[in-house]
Amino acid sequence: FKGMATTAKGWRTYLLRPKMSGPESVLREPLTNLQAKRRGYNPNLARSEWPLTRAEAARDYIGMLEDNVPYIACLERQSEAAWRGLLHHLASHEIDGYTLSEIR
């Protein structure tokens, strides 16, 4: 069995390697069970403020989406105006009875 471990330490390393590199080895916050994204993160040293709970994170995300509503509405108005302009152009050139794919 070439390549297999022959010592107790080698077997321990062989058995622990998949566990240390798998998805269960991901560092997580102890209270919220969220994945810690920072490299070298130590929850015992980062206690100046509590991490966001899932509800607080969802609230912040929804707030960010709500801030984008006026921008999306503006894009929708511009898109509708462009389509109305195209339909008016097509109607003025007497190609009203054709579909867009036939005009191409």
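The questions and answers below go through the predicted model shown above, from its overall make-up to single side chains.

Residues are numbered from 1 along each chain as its sequence is written, and side-chain values use heavy atoms, with hydrogens and water left out. In this predicted model, local features need pLDDT of at least 70 and side-chain atom pairs count only at pLDDT 80 or more, while totals for chains, interfaces and linings use all residues.

Reader: Which helix of the chain has the highest mean pLDDT?
Author: The score pLDDT is the predictor's confidence in each residue, from 0 to 100, and its mean over the chain is 76, with 70% of the residues at 70 or more. Among the elements, helix α4 (residues 100-103) has the lowest mean, 73. The highest mean, 88, belongs to residues 69-92, which form helix α3.

Reader: What pattern does the chain follow along the sequence?
Author: Helices (H or I, at least four residues) and strands (E, at least two) are taken as DSSP runs, numbered from the N terminus. The chain has four helices and zero strands. Read along the sequence, the pattern is therefore α-α-α-α.

Reader: How much of the chain counts as buried?
Author: Buried means under 20% relative accessible area, exposed over 50%, and partly exposed in between, with a 1.4 Å probe and protein chains only. The accessible surface, from the Shrake-Rupley method with a 1.4 Å probe and, for residues, only the protein chains shown as cover, comes to about 9,700 Å², of which 58% belongs to carbon and sulfur atoms. Of the 104 residues, the buried part is 7%.

Reader: What share of the contacts with a separation of 6 or more comes from residues 24 or more positions apart?
Author: A contact here means heavy atoms within 4.5 Å. Among the contacts in the chain with a separation of 6 or more, residues 24 or more positions apart account for 0%.

Reader: Why is the pair of W11 and Y14 called edge-to-face?
Author: Rings of Phe, Tyr and Trp (its six-membered ring) pair if their centres lie within 6.5 Å, and planes under 30 degrees apart count as stacked, over 60 as edge-to-face and the rest as tilted. By this rule the count comes to one aromatic pair. Its ring centres, in W11 and Y14, are 5.5 Å apart, and the pair is edge-to-face because the planes stand at 90 degrees.

Reader: Which residues make the nonpolar surface patch?
Author: Patches are made of residues with over 30% relative accessible area and no salt bridge, like charges being joined within 9 Å and nonpolar side chains (Val, Leu, Ile, Met, Phe, Trp, Tyr) within 5 Å. W11 and Y14 both lie in helix α1, three residues apart, about one turn of the helix, and W11 is partly exposed at 36%, as is Y14 at 43%. The patch, of about 390 Å², is made by M4, W11, Y14 and L15.

Reader: Which side chains meet in a salt bridge?
Author: A salt bridge is a side-chain nitrogen of Lys or Arg within 4 Å of a carboxyl oxygen of Asp or Glu, and the count by this rule comes to one. R59 is exposed, at 51% relative accessibility, whereas D60 is partly exposed, at 38%. At 3.2 Å, N to O, the side chains that meet are those of D60 and R59.
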